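The tour moves from one selection to the next.

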Amino acid sequence: MTEFKINQKDVFFIVNEQLDYGRLCELERYQGLNRKTLDMLVTEAISFARKAVAPLNEIGEEKGLTYEDGQVKCPQEFREVFRRYGENGWTAAARDPEYGGQGFPNMMRIVINDFMYGACQSFNMAPSLTHGAAHLIESFGSEELKRAFVPRMYNGTFSGTMCLTEPDAGSNLAAIQTTAYPDGECYRIKGNKIFISWGDHDIADNIVHLVLARIDGAPEGVKGISLFVVPKYRLDADGNPGEPNDVACTGIEEKLGLHSSPTAALSFGAKDGCIGYLCGEANRGLAHMFQMMNSARINTGVSGMTLGSTAYQHALQYTKQRIQGRDPAKRKQGEVPIINHPDIRRMLLKMKATVDGMRSMIYTAAFWADFAAESPDPDTRDHYQALTDFMTPIVKAYCSDMGFKVCETAMQCLGGYGYCRDYPIEQYMRDAKIMSLYEGTNGIQGIDLMGRKMRVNEGAMFSAFSREIQAFFENHRGHAGLGSRVADLEHAFARVSEMADQMRQRNQADPLQWASYTYPALLCFGDLVMAWRLLDMAVIAWDRAEQKGKKNDFYRGKVAQATYFVDTTLPHTMARAGVCTRSGREIVEMPEKAF
């Protein structure tokens with residue numbers, strides 16, 4: 001039996017009862033589909049994740065990677081599954097059929113990644129990065145580049161990467177030194193990249209790198225950066241991998257987690273023989289790359305959520321089976337399963353609410369993104385695009401942090417066994433830690449949310465968010481059973497909105513003090529979204545939860561997790577909002593030598 005665990009009923013409750021994702025099939029692009037088809041895709045994706053991907057989690061942890069003579073070797077099972085993953089359509093489920101895609105809504109890519117990342121985070125980074133790189137070429141590349149690379153990336157023959165980071169250019173991409181020298185219809189690429197996930201391996205026939213570089217003579221800063229397609233092997237006349245393209249792996253990182261995901265240092269053009277092809281417009285590379293970067297940020301949140309999800313399911317199973325201690329109220333004689341102990345139940349309920357809230361948050365954002373891309377009405381597109389943009393840093397930062405905390409709490413439920421390799425939770429926790437660092441650290445996400453996202457287009461993104469959540473208040477503040485909790489959320493939203501307005505003013509007048517509290521401010525918004533999504537599910541579940549019978553326990557769980565989260569989290573949210581606008585300047589003024 002594989003380690004991957006997921007409650008399918010939770011998934012289908014969100015996509016069907018909460019979001020009614022079958023409505024996406026009313027959009028012109030998806031009119032050949034229906035809810036039944038989407039449900040079938042979800043079921044098959046979970047099956048593939050369990051049967052094909054999940055076994056790789058243990059295999060990869062046991063066998064790991066080898067680096068010899070400039071070549072990374074992976075467990076051989078990874079190559080077979082990578083090819084099947086592409087051939088079965090999972091890589092390109094939401095892409096254009098013209099290039100080998102399946103034509104499903106973009107939301108389904110996020111739903112599929114939920115299961116695949118949960119089954120094996122290390123492995124699923126490869127097809128996920130491949131999808132992002134191929135989609136970049138599909139969106140911005142010439143027709144020749146599209147035909148040469150995209151179909152083979154989608155079908156599992158080639159893989160793809162994003163190559164941004166350099167030794168002296170991490171989050172500050174303006175400092176990129178990799179250079180592209182014009183050479184006829186192509187460019188000679190020369191430079192070094194580090195921390196490149198799946199930057200070298202043997203699970204595909206070719207690796208297609210999407211590289212940020214500066215054309216020789218281009219302006220300094222981000223306005224001079226271009227995007228290039230740089231394959232590990234040049235293509236021959238038939239489009240197959242041919243001679244090496246002077247792309248060398250100079251080493252792989254030894255990491256806390258993700259032991260079967262190679263994080264490579266790459267050298268481009270050390271022998272002056274690296275050919276690259278311009279993708280999109282010259283000097284617009286960073287703008288193009290943001291398509292893949294924003295997608296990667298969402299998927300980082302997905303990873304944190306789904307690792308927390310499977311960790312919670314393991315803890316739940318363990319606490320039902322582990323016999324230890326007596327019932328504190330003496331309801332049962334003798335020793336009892338530890339799920340009877342209130343402190344264990346506290347941790348389980350916290351995890352359950354956090355996982356379900358995060359999954360709803362992520363699926364909702366993905367649902368909105370489809371309307372942003374495909375709605376026939378321009379105003380509707382603008383509204384949902386603003387919502388999607390506003391949610392991106394919240395999904396990335398909040399879900400990566402909370403996913404890690406769920407893994408930590410799951411370990412606590414198992415006691416000493418959770419710390420041991422007898423159970424997979426310690427691996428989930430190690431693998432999840434990187435998510436707060438990937439794709440712009442969570443501190444950077446806070447700066448983005450409270451800076452650009454609040455400022456652009458006269459605050460259109462925050463306005464769209466406000467309209468959406470206030471519509472929920474209008475519809476449900478009079479709910480017979482949950483109206484008081486809706487009122488609590490409305491009060492918290494008003495306080496956080498006031499905080500956001502004060503921070504907007506402070507950003508102009510006192511940017512150092514503002515930047516000291518941008519991440520706590522992001523956490524406030526994450527709490528609001530979580531409470532909103534949990535209460536939305538509780539409203540839907542309420543009538544069934546009130547009916548007698550064990551068959552309705554599932555719906556009672558939806559209500560209980562919402563009321564618990566609102567009552568125990570929003571008071572902290574309110575307090576944190578006050579902290580964000582405090583006048584104390586210790587962070588800014590403390591002397592460096594005093595740390």
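What follows is a list of stops, each with something to select and a note on what is there.

This is a predicted model, in which local features need pLDDT of at least 70 and side-chain atom pairs count only at pLDDT 80 or more, while totals for chains, interfaces and linings use all residues. Residues are numbered from 1 along each chain as its sequence is written, and side-chain values use heavy atoms, with hydrogens and water left out.

**Stop 1: helices 3 and 4**

Select residues 55-63, helix 3, and residues 76-87, helix 4. Helices here are DSSP runs (H or I, at least four residues), numbered from the N terminus. The two axes come within 10 Å and cross at roughly 145 degrees. Axes are lines fitted to C-alpha atoms over the stretch in contact, and angles run from 0 to 180 degrees between N-to-C directions. Helix 3 passes helix 4 in a left-handed crossing, meaning that the near helix is turned anticlockwise from the far one by less than a right angle.

Now show side chains. Helix 3 makes the contact with Leu56, Ile59, Gly60 and Lys63, and helix 4 with Glu77, Phe78 and Val81; contact means heavy atoms within 4.5 Å. Four of the residues in this contact are nonpolar, one is polar and two are charged. In this classification Ala, Val, Leu, Ile, Met, Phe, Trp, Tyr, Cys and Pro are nonpolar, Asp, Glu, Lys and Arg are charged, and the others, Gly among them, are polar.

**Stop 2: the cavity**

Searching the whole structure gives one cavity of 30 Å³ or more. On a 1 Å grid over the protein atoms alone, a cavity is a set of points where a 1.4 Å probe fits but cannot get out, a pocket is an open set with protein on both sides within 12 Å along at least five of seven lines, and lining residues have an atom within 4 Å of a point. Grid points are joined across faces, edges and corners, and a volume is the space filled by probe spheres set on the points.

The largest cavity has a volume of about 90 Å³. To see its lining, select Tyr85, Trp90, Thr91, Ala93, Arg109, Ile112, Asn113, Pro127, Ser128, His131 and Asn299. Helix 5 (106-119) and helix 6 (121-140) each supply at least two of the lining residues. The lining has five nonpolar, five polar and one charged residues.

**Stop 3: a pocket**

Next, select Tyr312, Leu316, Leu349, Lys352 and Gly557, which lie nearest the centre of the second largest pocket among its 18 lining residues. The pocket has a volume of about 520 Å³. Helix 8 (285-321), helix 9 (342-374) and helix 17 (553-580) each give two or more residues to the lining. Which helix gives the largest share? Helix 9 does, with seven residues.

**Stop 4: helices 10 and 12**

Select residues 378-414 and 442-450, whose axes come within 9 Å and cross at roughly 150 degrees. Helix 10 and helix 12 are therefore roughly antiparallel to each other, a label for angles over 145 degrees. Among the contact residues are Phe390 and Pro393 of helix 10 and Asn442 and Leu449 of helix 12.

Methods: Angles under 35 degrees count as roughly parallel, over 145 as roughly antiparallel, 65 to 115 as roughly perpendicular and the rest as oblique.
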